[in-house]
Amino acid sequence: MEKKIIKTELAPAPIGPYSQAVQLGNFLFISGQVPINPATNTIEATDISGEAEQVMQNLKAVLETAGYNFADVVKSTIFLTDMANFPAVNEVYGKYFDGNYPARETVAVKGLPRNVNVEISMIASK
């Protein structure tokens, strides 16, 4: 199988040596997205719900660039700097799915890039 690198200006550019996403066969592996507004390259959210919304919009941009959507997501990983933010992130995350939810785990981490509070990665398949 040939590996295809997915890149879009509608999601933040990588801040390290990695790709926004890699497609391999029918699978799409999306790198963790943080709440950076790709138009300004800044973090504009003022609360955890705003951060989660920007992360989901960034993931949507990567999915759509590759020809996928949230219905194709089979696995997600959510990283939080504080588990007290779980309910707010969960509420925003849930709005992007129609009830056919992917497998998922949520883990607490000591810190995230650019001192954000949430990062989400996904795997999708057609």
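**Entry 1. Helix H1**

I began with the burial of H1 and found that Ile48, Glu51, Ala52, Val55, Met56, Asn58, Leu59, Ala61, Val62 and Leu63 are buried. The model I am reading is a predicted one.

I then looked up what these residues face. The buried residues of H1 pack against strand E1 (3-6), strand E2 (21-24), E3, E4, H2 and E6.

I checked the length of the helix as well. H1 has 18 residues, which at 1.5 Å a residue should span 26 Å, and its end C-alpha atoms are 26 Å apart, so the two values agree. After H1 I noted Gly67, which has a positive phi, near 85°.

**Entry 2. The nonpolar core**

I next turned to the largest nonpolar core, which has 28 residues. Leu28, Met56, Leu63, Phe70, Ile120 and Met122 are the residues with the most contacts inside this core. I recorded that E3, helix H1 (48-65), strand E4 (73-80), helix H2 (86-94) and strand E6 (118-125) are the elements giving two or more residues to the core. Which of them gives the most? H1 does, with eight residues.

Setting aside neighbours within four places in sequence, I found Leu63 in contact with Leu28, Ile30, Tyr68, Asn69, Phe70, Val73, Met122 and Ala124.

**Entry 3. The salt bridge**

How many salt bridges does the model contain? I count one salt bridge by the rule applied. The side chains of Glu105 and Lys75 form this pair, at 2.4 Å from N to O. Glu105 belongs to strand E5 (residues 103-108) and Lys75 to strand E4, so the pair ties together parts that are 30 residues apart in sequence.

I also looked up the accessibility of both partners. Glu105 is partly exposed, with a relative accessible area of 31%. Lys75 is likewise partly exposed, at 25% relative accessibility. Both values fall between the limits of under 20% for buried and over 50% for exposed.

**Entry 4. The nonpolar surface patch**

Last, I examined the surface. Which residues make the nonpolar patch? I found Met1, Leu24, Phe27, Phe29 and Val74, which together make a patch of about 500 Å².

Phe27 lies in strand E3 (residues 27-33). At 39% relative accessibility, Phe27 counts as partly exposed.

Note on methods:
Residues are numbered from 1 along each chain as its sequence is written. This is a predicted model: local features need pLDDT of at least 70, side-chain atom pairs count only at pLDDT 80 or more; totals for chains, interfaces and linings use all residues. Side-chain values use heavy atoms; hydrogens and water are left out. Patches are made of residues with over 30% relative accessible area and no salt bridge: like charges are joined within 9 Å, nonpolar side chains (Val, Leu, Ile, Met, Phe, Trp, Tyr) within 5 Å. Accessible areas come from the Shrake-Rupley method with a 1.4 Å probe; for residues, only the protein chains shown count as cover. A salt bridge is a side-chain nitrogen of Lys or Arg within 4 Å of a carboxyl oxygen of Asp or Glu. Helices (H or I, at least four residues) and strands (E, at least two) are DSSP runs, numbered from the N terminus. Buried means under 20% relative accessible area, exposed over 50%, partly exposed in between (1.4 Å probe, protein chains only). A nonpolar core is a set of buried Ala, Val, Leu, Ile, Met, Phe, Trp, Tyr and Cys residues joined through side-chain atoms within 4.5 Å. Contact means heavy atoms within 4.5 Å. The expected span of a helix is 1.5 Å times one less than its number of residues.
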